[in-house]
Amino acid sequence: MTQCAYVHIPFCKNKCKYCSFVSYPKQNAEVKKSYIKTLLKEIEYFYKDESLKTLYIGGGTPSLLDIEDLDSILQCFNFENNAEITIEVNPETVNFDYMQRLYAVGFNRISIGIQSLDNNILKSIGRIHDASTALQTIIAAQKAGFKNISTDFIYGLPKQTIDSFVKDLIQVVDLGIKHISLYGLKIEDGCYFYQNIPSHLPDDDMQADMYLAAIETLEKRGFSHYEISNFAIPSLESRHNMNYWSDGEYYGFGVAAHGYIGGVRYSNFCGLNEYEKDYTQKEFLRALSKKERLQETIFLGFRRGDGIDIADINEKFCIDFDKVYSTVLNKYLLTGHIIKTAQGYKLSDNGFLLSNIILADFI
Ligand SMILES: C[S@@+](CC[C@H](N)C(=O)[O-])C[C@H]1O[C@@H](n2cnc3c(N)ncnc32)[C@H](O)[C@@H]1O
Ligand code: SF4
């Protein structure tokens with residue numbers, strides 16, 4: 001049964017210079033209304049009325065939509081008691097009244113894109129808000145009733161220092177934030193920075209030091225490093241994302257959304273016109289082979305702070321994990337990048353830094 005769903009809202013006020021996510025800036029109200037109409041039809045077509053444990057409305061910038069439109073999306077679904085219902089917001093697009101209304105229609109988790117609390121950095125990466133707006137947004141979300149608030153930060157930004165990054169994290173923790181997502185800057189095809197590499201980018205070593213400094217700072221303050229990019233005060237881990245990393249099923253609705261149902265991965269069209277023309281069509285619709293499913297389980301499991309569960313993998317895939325992967329396991333146990341746990345194995349902090357290389361070795 002599929003009990004998690006992701007809904008993509010592909011609109012932004014402006015395009016941030018580092019961002020390659022599917023989002024269309026500066027769209028008018030008519031385009032947005034037409035998109036919502038198609039989205040509701042897609043949900044009605046595919047959703048089988050399961051009680052959802054989690055719903056995540058992400059983007060783009062979902063907070064650019066009217067509350068009535070967001071409410072009409074929520075109304076499409078059934079929810080379990082205490083379901084986790086998240087919306088991503090950009091600080092410049094919300095105020096206290098808007099967040100109070102988000103809470104009133106049923107959202108109980110809010111993820112605020114802060115990225116940095118240094119105004120010069122924010123400006124240089126094309127963010128539309130400043131640090132003070134970001135901090136006021138946190139306070140307004142708390143006043144609006146949200147107890148489960150997450151903040152996104154990027155490290156490795158132009159001119160960012162370890163000290164300024166750590167100071168940003170401490171500021172939001174001091175405000176009572178209990179969930180933080182940290183992403184190392186990635187400059188990929190499709191963003192402004194890809195064609196116009198900014199100067200003063202921290203090098204790989206400095207980016208790694210920022211990550212390690214963040215782990216130390218947050219763990220000292222009671223956060224659990226429960227996933228490679230995510231930190232939470234225990235019990236406030238994102239249940240929606242934990243489902244992804246535990247190989248769980250989920251619906252993906254909207255432009256460019258991905259889904260995973262019945263061992264089949266799929267994604268929707270990335271273009272607004274293509275999607276609106278035929279929202280029933282899926283791209284890359286593909287049943288995974290047993291070998292691919294095993295690789296994905298390893299890949300996703302090693303992202304988690306508690307790592308992979310060997311008994312579970314052995315039973316699911318009828319293998320002897322220790323035997324099949326003895327060479328790669330021994331290599332990284334020896335260097336300390338992989339650590340033995342009661343259930344199996346996990347990556348160490350240094351292992352997380354090299355996760356791409358280590359996981360490629362498994363695959
Ligand atoms: C898809 S965005 C949605 C959040 C919201 N639109 C906002 O930016 O305020 C989710 C998060 O991904 C991260 N992100 C986006 N592009 C990134 C990049 N190139 N490198 C690292 N992190 C990135 C940012 O932290 C961002 O908040
Ligand atoms: S980072 Fe967020 S606000 Fe900026 S362009 Fe990407 S999706 Fe839009």
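Of the 363 residues in the chain, 53% are buried, that is, under 20% relative accessible area with a 1.4 Å probe and protein chains only. Before I continue, a word on conventions: this is a predicted model, in which local features need pLDDT of at least 70, side-chain atom pairs count only at pLDDT 80 or more, and totals for chains, interfaces and linings use all residues. Residues are numbered from 1 along each chain as its sequence is written, chains are lettered from A and ligands numbered from 1 in the order in which they are written, and side-chain values use heavy atoms, without hydrogens and water.

Let me turn to the overall dimensions. The radius of gyration, taken over C-alpha atoms, is 21 Å, which agrees with the value near 21 Å for a compact globule of 363 residues; that rule is 2.2 Å times the number of residues to the power 0.38. Along the principal axes, the C-alpha atoms fill a box of roughly 60 × 50 × 40 Å.

The chain is divided into domain 1 (4–244) and domain 2 (290–363), with bounds from an automatic or database domain assignment. Their contact, meaning heavy atoms within 4.5 Å, takes 11 residues from domain 1 and 9 residues from domain 2. The centres of the two domains, taken over C-alpha atoms, are 29 Å apart.

Finally, which residues surround ligand 2? With a heavy atom within 4 Å as the criterion, they are C12, N14, K15, C16, Y18, C19, S23, G60, T61, N90 and R127.

Notes: Buried < 20%, exposed > 50% of the residue type's maximum accessible area, 1.4 Å probe, protein only.
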